[in-house]
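Open the model in your viewer and keep the selection panel at hand. The stops below go one at a time.

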Amino acid sequence: MVLVMTGLRRTAALLTRADRVVLYALVGGGVVLLAATWRGGAGGHARISWPGGTRVVRLDEDARYDVEGPLGVTVVVVAGGSVSVMSSPCREHVCERMGPVRNRGGTVVCVPNRVIVTVQGAGGDRIDATTR
């Protein structure tokens, strides 16, 4: 630790005032850019997609949804503002072990049963980019 502090002091002693201004501007710009593009935060609803359709559910209302996939019924549960897969007929049960998700962009996928649960924002998700 002493060596690190000594190294930092030597480095700081080498910086000019202009170097420090540029360094602070870069760090400050990075923080502002991160704050402006942050997509996290609690979601308002979740989209449950399966081969037979799609359903948008609210995360502020506890509920249970039985979703029919090609292997059988996957049970999706909304509780305490988060959503998770409670049970699935798939062989590995990876989707059940993924646990609950609550932040926007959080996703639980059961690939064998083709069920996708994605948390979306309260105000609806906006398109941030398109490609051709």
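The tour goes from a cysteine to a nonpolar core and then to a hairpin.

This is a predicted model: local features need pLDDT of at least 70 and side-chain atom pairs count only at pLDDT 80 or more, while totals for chains, interfaces and linings use all residues. Residues are numbered from 1 along each chain as its sequence is written, and side-chain values use heavy atoms, with hydrogens and water left out.

**Cysteine 95.** Select cysteine 95 in helix 3 (residues 94-97). Helices (H or I, at least four residues) and strands (E, at least two) are DSSP runs, numbered from the N terminus. Cysteine 95 counts as buried because its relative accessibility is 2%; buried means under 20% relative accessible area, with a 1.4 Å probe and protein chains only. Now show its contacts (heavy atoms within 4.5 Å). Leaving out residues up to four places away in sequence, cysteine 95 touches Val85, Ser88, Cys90, Val108, Val109 and Cys110.

**The core.** Next, which residues of the largest nonpolar core touch the most other members? Select Ile48, Val76, Val83 and Val117, out of 18 residues. Such a core is a set of buried Ala, Val, Leu, Ile, Met, Phe, Trp, Tyr and Cys residues joined through side-chain atoms within 4.5 Å. Strand 7 gives this core its largest share, three residues.

Select strand 3 and strand 4. They pair in the antiparallel sense over six bridges; pairing takes at least two DSSP bridges. Alanine 63 has valine 78 of strand 4 as its bridge partner. End at the turn: four residues lie between the two strands of this hairpin, and glycine 72 there has a positive phi of about 145°.

Definitions and conventions. Buried < 20%, exposed > 50% of the residue type's maximum accessible area, 1.4 Å probe, protein only.
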